[in-house]
Amino acid sequence: MSASLADQACSLAVALGANRPSAAGSPQQTLIDVRPQLEQLLCDWAQISLSRISCSWSPLLETAPVGGPPGQPMYCNAVLLIRGVPGAPDAEAALALLDRLQALEAQYGRDRDREVRWGPRSLDLDLLFWGDWRLEHPRLVLPHPRLHLRSFVMEPLLAAMQRSTHWRS
Ligand SMILES: Nc1ncnc2c1ncn2[C@@H]1O[C@H](COP(=O)(O)OP(=O)(O)OP(=O)(O)O)[C@@H](O)[C@H]1O
Ligand SMILES: Nc1nc2c(c(=O)[nH]1)N=C(CO)CN2
């Protein structure tokens with residue numbers, strides 16, 4: 001049976017990016033170090049055990065910076081695709097997840113008050129989509145409005161989908 005993104009009411013994706021070091025090390029080391037914490041964060045948020053969700057990770061990609069100040073370092077990007085999030089999407093839960101993602105960014109040294117738009121950051125965690133649910137909130141837009149314009153997101157998303165057993169016939 002074939003499946004489309006729109007069928008996946010309980011799939012959710014998070015994009016990761018970094019292009020400055022954190023306490024965990026280089027951007028690559030940061031994206032590796034944060035993996036188990038991000039999986040645990042999602043389980044805690046969804047109130048579900050790790051064994052009940054399926055996490056599909058893209059490989060790490062080195063990408064040229066898009067936008068922002070000239071001369072910033074190359075980025076490391078990845079995407080985590082999760083299947084098995086229980087319940088229907090709603091704004092309160094989505095905003096609570098955004099808060100948790102931003103708290104995790106701060107743990108890795110992200111300081112939003114001291115950065116320029118699209119400038120270097122130690123960790124960026126963007127919520128890409130929650131099924132095909134649409135949200136227009138001042139703090140959160142879903143699907144992420146620039147998702148389809150960014151090869152540094154679409155390439156790892158494709159890789160994560162190809163690695164997910166869910167889309168295999
Ligand atoms: N889908 C989303 N995922 C993450 N943040 C979002 C989303 N939609 C809106 N936002 C808002 O965008 C604000 C800025 O986020 P952030 O600093 O990560 O942006 P950015 O990564 O520099 O740029 P971009 O928004 O183009 O990815 C956040 O504080 C958050 O409130
Ligand atoms: N290659 C790349 N470029 C970017 C990235 C990113 O993660 N990777 N993030 C940005 C702001 O979200 C702006 N530009």
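Reply: Gln 47, which comes just after helix 2, adopts a positive phi of about 55 degrees. The model is predicted: local features need pLDDT of at least 70, side-chain atom pairs pLDDT 80 or more, while totals for chains, interfaces and linings use all residues. Residues are numbered from 1 along each chain as its sequence is written, with chains lettered from A and ligands numbered from 1 in the order written.

Helix 2 itself covers residues 35–46, that is, 12 residues. From its first C-alpha to its last, helix 2 reaches 17 Å, close to the 16 Å expected at 1.5 Å a residue (1.5 Å times one less than the number of residues).

The chain holds four helices and seven strands (DSSP runs numbered from the N terminus: H or I of at least four residues, E of at least two). Along the sequence, these elements follow the order β-α-α-β-β-β-α-β-β-β-α. The C-alpha atoms fill a box of roughly 45 × 30 × 30 Å along the principal axes.

Around ligand 1 (C-beta, placed from the backbone, within 6 Å) the residues include Leu 98, Arg 117, Arg 139, His 144 and Arg 146. At least two residues of this shell come from strand 5 (124–130), and at least two from strand 7 (140–142).

Ligand 2 has among its surrounding residues Gly 17, Tyr 75, Asn 77 and Phe 152, and also Thr 63, Ala 64, Pro 65, Val 66, Gly 67 and Gly 68.
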